[in-house]
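Please open the structure in your viewer and keep the selection panel at hand. The tour goes from one selection to the next and says what is found at each stop.

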Amino acid sequence: MSTQEDNIAWMDATAQAELVQKGEISPIELLEGAIERAEQLNPEINAIINPLYDLAREASKDLPDGPFRGVPFLMKDIGAELAGVKMEEGSRFMRGYVSPEDSELTARFKRAGLNIMGKTNTPEFGINAATEPVVWGPTRNPWNTDSSSGGSSGGSAAAVAAHIVPMASGTDEGGSIRVPSSYCALFGLKPSRGRNPVGPDFSDEWDGISCSHVLTRSVRDSAAILDITAGKEPGSPYSSVPPTRPFLEELNQPGEKYRIAFTLRDAYGLEIHQDCRQAVMETVSLLKELGHQVDEVNPEYNDKEAVLSLVIVMASHVAAKLERIKHEFKRPVNTKTIEEQNLVLGIVGKKLNVIDFIKARQSWREIGSAMDGLLKSYDMLLTPTLGRPPVKIGATAPGLQDRLSMKLVNSPIGTALFSNRKMGQNIVSQLIDSVVGPQIPLTAVANITGLPAMSVPLFWTGDGLPIGVQFIGRFCDESTLFRLASQLEKARPWFDKKPQVC
């Protein structure tokens, strides 16, 4: 790779686009550099599972004159469809499915001038905090290839962290942008509910907890692309309040002083890892140095109730999805086509009744009320993004006991056992523990409430693994989050830190 290509790889999307606008480089030259990096690095990290290099080469001849014209871009293989291209959602069942049209978000990415050069790896249906689908295998963390890249936008995170592209798309259902951002030292913003389009096929995915955006290395890239993609989506049941000015302009505002709450309490009965606690406490010290008021609080929502309610709603939607695709694709739904953990989720969803579902949704309102009360006194809440440092590849895979339980649930005997309400609740709890235990994601509250949240890469462990901290803001107040993120980026720069695979 030439010195010029190496310099370009180190730039964010905004800087790359400026080179194109000035005529210092052409879109095809930018693309070929990204393809070269992908071919060199992807075998080590397994981030790109569907290269679209020829499609991107053709597109580079006539890209829209948007602010990111010519910038190479990758799309997560779920959540946003690309016409004429496979979207298999990390599932053996979905092999060969081709999107008939562009999703609204895809159309907005294209109007921005982004040149889509491939699809990235994701766990099956995006349902895991680690990207290790059976069909494609694990995506590895560029900071340490023995470690997970997180999930479910782990393929996008790894590609951006390795500097293959400066920006890639992600979806966030329970932390799927913020978790891999924390693992891979990226800036990851989950917008407010209704801020970005998620349809037409995902408009009401998981009762509104799902949203879409990008993973970036710089704050300004995230703000600038949100200015382009944000806005009411035709037919969507959700909408957001427009910002008073472009998000990108927020980064140039005078440094405001905020009231920031933070918490380090145990989550789901599990203690937060010392490295994650230290990441928050160092952030607290930095915030105080910058002149912000920071107070420790004990939020009134219940972590276990939040995750249990989330899993109940997810299970209901998984059951509906499996039923729909079974009839649509005329394929059997079994352990040869669907990963066992998702089959169990589907069985759980089938066995739940309307009362279970309504109670779960009611608990969301209670959690929302608790967060609203907290954010009347504070501008945002600071937490660890995760309660553990990046886990090893395979750490979230079901253990022997989990697999035996899954086989039991998938059997006729299990179906009978599940009719016992207490047994059913134990199975749901075990499903939660199998993922929560290794990682302790602290991100679900923002999805349940629809609040904007961001993971900011401010800490590295003694082993050189990144750990992000999370800020949850008021509804439709991404502007305040962006302003604070800009302050933190200047005070504690992360952009020039270099992973092992880069």
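**A guided tour**

Begin by selecting helix 2, residues 13-21, which is mostly covered, since seven of its nine residues are buried. Colour the buried ones to see the pattern: they are Ala13, Thr14, Ala15, Gln16, Ala17, Leu19 and Val20. Then step past the end of the helix to Gly23, which follows helix 2 and has a positive phi, near 80°.

Before going further, note that this is a predicted model, and zoom out to take in the whole protein chain. With a cartoon display you can follow 18 helices and 13 strands. The radius of gyration is 21 Å, close to the 23 Å that the globule rule gives for 502 residues, so the chain is as compact as a globular protein of that length. Along the principal axes, the C-alpha trace spans about 70 × 55 × 45 Å. Buried residues make up 62% of the 502 residues, and among contacts with a separation of 6 or more, 80% join residues 24 or more positions apart.

If you switch to a surface display, the chain exposes about 18,900 Å², of which carbon and sulfur atoms supply 51%. Colouring by charge picks out 52 positive and 61 negative side chains, and the centres of these two sets lie 5 Å apart.

Next, select helix 5, residues 104-111. Its buried residues are Leu105, Thr106, Ala107, Arg108 and Phe109. Which elements do the buried residues of helix 5 pack against? Show strand 2, strand 3 (115-120), strand 6 (167-172), strand 8 (211-216) and helix 8 (219-229), and you have the partners of these buried residues.

Now turn to the aromatic side chains, where the structure holds six aromatic pairs. Select Tyr97 and Phe329, which form an edge-to-face pair with 5.9 Å from centre to centre and 75° between the planes. This pair links distant parts of the chain, 232 residues apart, because Tyr97 sits in the loop between strand 2 (72-76) and helix 5 while Phe329 belongs to helix 11 (residues 303-329). Both Tyr97 and Phe329 are buried.

The last stops concern the backbone. Most residues other than glycine have a negative phi, and most peptide bonds are trans. Against that background, select Gly151 and Ser152, whose connecting peptide bond is cis, with omega near 5°. Ser152 lies in the loop between strand 5 (144-148) and helix 6 (154-161).

Move on to Tyr268, which has a positive phi of about 55° although it is not a glycine. Tyr268 is found in the loop between strand 9 (259-262) and helix 10 (274-289). Is Tyr268 buried or exposed? The relative accessible area of Tyr268 is 14%, so this residue counts as buried, the cut-off being under 20%.

Finally, select Ile440, in the loop between helix 16 (421-439) and helix 17 (444-449). Phi of Ile440 is also positive, near 50°, in a residue other than glycine. At 0% relative accessibility, Ile440 counts as buried.

Notes. Residues numbered from 1 in each chain as written. Heavy atoms only, no water. Helix = DSSP H or I, 4+ residues; strand = E, 2+ residues; numbered from the N terminus. Rg over C-alpha atoms; globule rule 2.2 N^0.38 Å. Buried < 20%, exposed > 50% of the residue type's maximum accessible area, 1.4 Å probe, protein only. Contact = heavy atoms within 4.5 Å. Areas by Shrake-Rupley, 256 points an atom, 1.4 Å probe, with all protein chains shown as cover. Lys, Arg positive; Asp, Glu negative; His and termini not counted. Charge placed at Lys NZ, Arg CZ, Asp CG, Glu CD. Phe/Tyr/Trp six-rings, centres within 6.5 Å; stacked < 30°, edge-to-face > 60°.
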